[in-house]
Amino acid sequence: MKKKRSHPDIKGSLLLSGNEALALGAFEAGVKVASAYPGTPSTEILETLCSYEGVYAEWAPNEKVALEVALGASFGGVRALATMKHVGLNVAADPLFTAAYTGVRGGLVIVTADDPEMHSSQNEQDNRNYAYAAKVPMLEPADASEAKEFLKIGYRISEEFDTPLLLRTTTRVAHVKGMVTAGAKEVPATVPGIEKMPEKFVMLPSNARKRRVELEKRMMKLREFAEAFPENRIEWGDKKRGFITSGISYLYVKEAFPEASVLKLGMVHPLPERMIKGFASEIDELYVVEELDPFIEMHIKAMGVDCRGKDVIPAIGELNAEIVRRSITGKKGGQVFEPVQIPMRPPNLCPGCPHRGIFYAISKLGAFVAGDIGCYTLAALKPLSAMDSCVCMGASIGTAFGMEKAIGKESLGKIVAVIGDSTFMHSGITGMVEVVYNRGFTTVVILDNRTTGMTGHQPNPATGSTLSGEISATVDIEALCRAIGVKHVRTVNPHNIEETEKVLKEEIERPEPSVIITKAPCVLLPEMKKRKDKRLYTIIASKCTGCKSCLKLGCPAIEWVPLAAEEAKKLGYKEKQKGYSRINPVLCDGCGQCAPLCRFKAIVISGGDNE
Amino acid sequence: MSKTGNILLCGVGGQGILLASEIASSVLIKAGFDVKKSEVHGMAQRGGSVVAHLRYGKKVYSPLIEFGSADIAVSFELLESLRYLPYYRKETKVVVNTQKILPAPVSTGVDTYPADVLEQLKSRGLEVFPIDAFNIAKSVGETRAVNMVLVGAMSVFLSVDEKIFLEVVDERVPEKVRQVNRQAFLKGREIIEAMRPAIKGGKVQP
Ligand SMILES: Cc1ncc(C[n+]2csc(CCOP(=O)(O)OP(=O)(O)O)c2C)c(N)n1
């Protein structure tokens with residue numbers, strides 16, 4: 001178990017990220033139950049919250065379950081939190097839309113962390129649209145300090161109006177550190193216990209129709225509330241130019257136009273119509289500055305307020321002060337130097353990563369690789385280039401199966417689905433059921449590295465431990481697949497590329513569903529980092545012919561040393577040899593994947609008999 | 001409005017940039033400034049290029065440094081010092097760790113590592129402060145203290161007392177490695193101090 005922090009530990013002014021501030025906010029709000037599925041940029045909220053005393057925090061298998069757990073906790077009378085990245089809310093959208101009907105007992109806040117610019121995401125959706133579509137209020141803080149306060153305010157609104165509440169951050173709120181002042185811990189008004197309220201909690205059509213009416217009444221009240229909500233505020237300045245803005249965009253506006261009048265919206269849904277109209281009537285030139293969709297703009301235009309927005313402000317990617325200034329004034333920023341052409345430095349699979357072995361083997365098949373999301377998506381990059389599709393978590397199996405149905409028997413041996421262990425637990429299991437149930441012959445490779453690598457090594461149901469470090473049951477993936485009805489389930493060591501290739505070839509040709517589980521822990525897990533039996537590899541320089549076979553792995557530890565015309569001969573190589581490979585001992589992790597790839601037996605264990 | 005100080009830290013995932021920027025932030029807070037620090041987690045950490053923006057002043061709004069406005073740039077890797085060039089202005093003090101970490105296109109032989117990184121910087125009239133942080137860290141007995149050497153190096157350009165830096169280093173690193181980290185910091189500071197006559201603008205004052 002990890003050590004817990006109690007309140008007296010946390011005092012005064014702290015430098016916290018938005019996510020750390022949200023965790024502190026949840027603690028101060030007296031949140032009792034918090035559930036989440038990791039996803040950048042939301043992950044650190046629960047990672048921090050689990051260290052506070054008196055809070056139960058967990059990783060759920062996916063966001064839908066996380067929201068259901070939080071909703072259940074709210075039904076049970078306590079303040080509850082669910083956090084997720086923007087696309088996670090797609091997964092949790094089903095409970096969200098009906099939770100808006102049931103309302104809550106204990107306060108319920110759902111944090112959605114959007115990722116404009118797609119720093120670590122597959123799309124750039126604007127989740128403010130969910131607040132409108134699901135008819136729930138949404139708060140949008142601009143920095144860490146507001147994040148903490150808004151979360152606490154969120155619980156009060158949730159309870160007062162009997163509604164779940166969305167709190168939206170973006171990457172630059174979630175991951176920017178700023179000053180936060182610790183505050184007092186609240187004691188929530190509701191008490192835990194069972195209270196049966198079927199007309200509120202059982203959404204049969206007859207009940208739901210009544211709640212539907214309540215929902216509209218609640219929105220009316222919230223609209224009124226928004227008019228006087230202190231976090232919707234006007235900062236009067238020069239009235240020639242005025243801005244309506246929220247979240248991080250507010251900070252860019254203040255930076256770019258410190259003298260202008262600003263209406264800062266702390267609540268982006270519902271909007272304070274009278275306040276907006278009043279503000280607009282005093283301003284000569286009104287701009288709405290917001291990242292991504294014209295959400296505020298659209299809604300205030302619908303109020304009949306004339307403004308400018310996405311006609312000048314980009315709808316794609318993040319904003320910054322310079323973009324805001326240039327979009328509006330046309331004035332160029334202070335850039336002095338043009339960027340120079342230098343080698344790119346894309347992210348890469350780590351040295352020793354087990355994914356490299358399996359994807360190298362897969363790349364030999366020449367098959368269509370229906371991929372999924374995780375560290376292993378990096379196998380799509382050169383030199384492995386071993387992934388042909390990646391859409392959303394869990395999609396690999398369904399898309400592979402769909403292609404198979406489209407093409408028919410001819411596709412046998414030509415398509416393979418690849419999915420990580422955490423992703424399989426998240427939403428891959430149902431895809432597997434689909435393949436078996438509908439008589440497919442899909443081959444599914446499950447990459448069991450014992451962790452959720454991409455988001456920073458969170459345990460998952462197949463790991464054997466929980467968020468707070470307790471030992472728990474481990475889902476047996478092999479037995480699970482067999483129970484679903486897959487007859488051919490094989491486990492391989494992906495570091496052994498030859499064996500892996502052989503098994504892959506056999507299974508992909510099989511006219512029945514099959515699963516290959518690659519079992520090898522992520523090298524960044526503490527137990528792997530600490531291991532003492534690591535044996536590093538080296539390349540015997542004199543044996544290297546410069547054929548570059550080893551470079552096809554794309555291992556960061558294997559470095560190509562180019563040779564100038566004269567040099568090769570001097571070093572005893574054939575005159576035409578363009579260079580040689582060497583292994584950087586600082587980076588080598590000793591996985592041994594590279595050794596068998598060298599036909600000239602130049603790659604050997606460092607300090608071993610063959611060196 | 002008083003000026004906001006802009007420090008850009010860049011390098012390769014895993015080099016300890018986040019801790020270094022964390023220490024610099026704490027120091028500036030102790031010195032009485034408002035601080036905002038921006039970094040990106042997730043995808044960026046898998047050996048990719050990493051950048052952190054640190055802004056400080058009386059009141060900081062935007063967490064992002066604008067192009068052409070960095071006061072100090074600290075590059076933890078040689079090549080990376082060129083990647084963020086648009087953020088520099090003529091007066092930017094560019095501290096460069098001369099350590100090379102080969103990016104994938106170079107190690108796989110598809111691209112070549114430019115031979116003239118420092119010259120490219122200098123030819124643009126920038127004030128460049130090269131420092132072999134890896135070997136300095138090694139000489140104090142801890143190769144992982146590269147980031148502390150660089151914190152020491154950049155400390156020369158901030159008008160904050162050395163004592164405050166050392167206090168924060170003490171707070172931030174575990175007891176066991178405190179002494180080597182202090183040494184690494186002081187060594188980095190000393191080496192850049194020695195280049196002082198060459199420093200044009202002196203301290204950066206927001
Ligand atoms: C719906 C959704 N939730 C969360 C994420 C963030 N995310 C991307 S990959 C991933 C997990 C990857 O873990 P795993 O499948 O075990 O692969 P690994 O990274 O360990 O190779 C997560 C949580 C996402 N992209 N979509």
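Strand 3 of chain B gives the most to the lining of the second largest pocket, with four residues. Strands (E, at least two residues) and helices (H or I, at least four) are DSSP runs, numbered from the N terminus. This is a predicted model, in which local features need pLDDT of at least 70, side-chain atom pairs count only at pLDDT 80 or more, and totals for chains, interfaces and linings use all residues. Residues are numbered from 1 along each chain as its sequence is written, and side-chain values use heavy atoms, with hydrogens and water left out.

The second largest pocket holds about 980 Å³ of space. A pocket here is an open set of points on a 1 Å grid over the protein atoms alone, where a 1.4 Å probe fits, with protein on both sides within 12 Å along at least five of seven lines; lining residues have an atom within 4 Å of a point. Of its 30 lining residues, H119(A), R172(A), V51(B), Y84(B) and Y87(B) are the closest to the centre. Helix 14 (321–329) of chain A also supplies at least two lining residues.

Strand 3 of chain B, residues 49–57, is also among the elements that give two or more residues to the side of chain B that touches chain A. The contact (heavy atoms within 4.5 Å) takes 52 residues from chain B and 53 from chain A. Across this interface the rule finds six salt bridges, each a side-chain nitrogen of Lys or Arg within 4 Å of a carboxyl oxygen of Asp or Glu. E22(B) forms a salt bridge with K177(A), with the closest N and O atoms 2.8 Å apart.

Methods
Chains are lettered from A and ligands numbered from 1 in the order in which they are written. Grid points are joined across faces, edges and corners, and a volume is the space filled by probe spheres set on the points.
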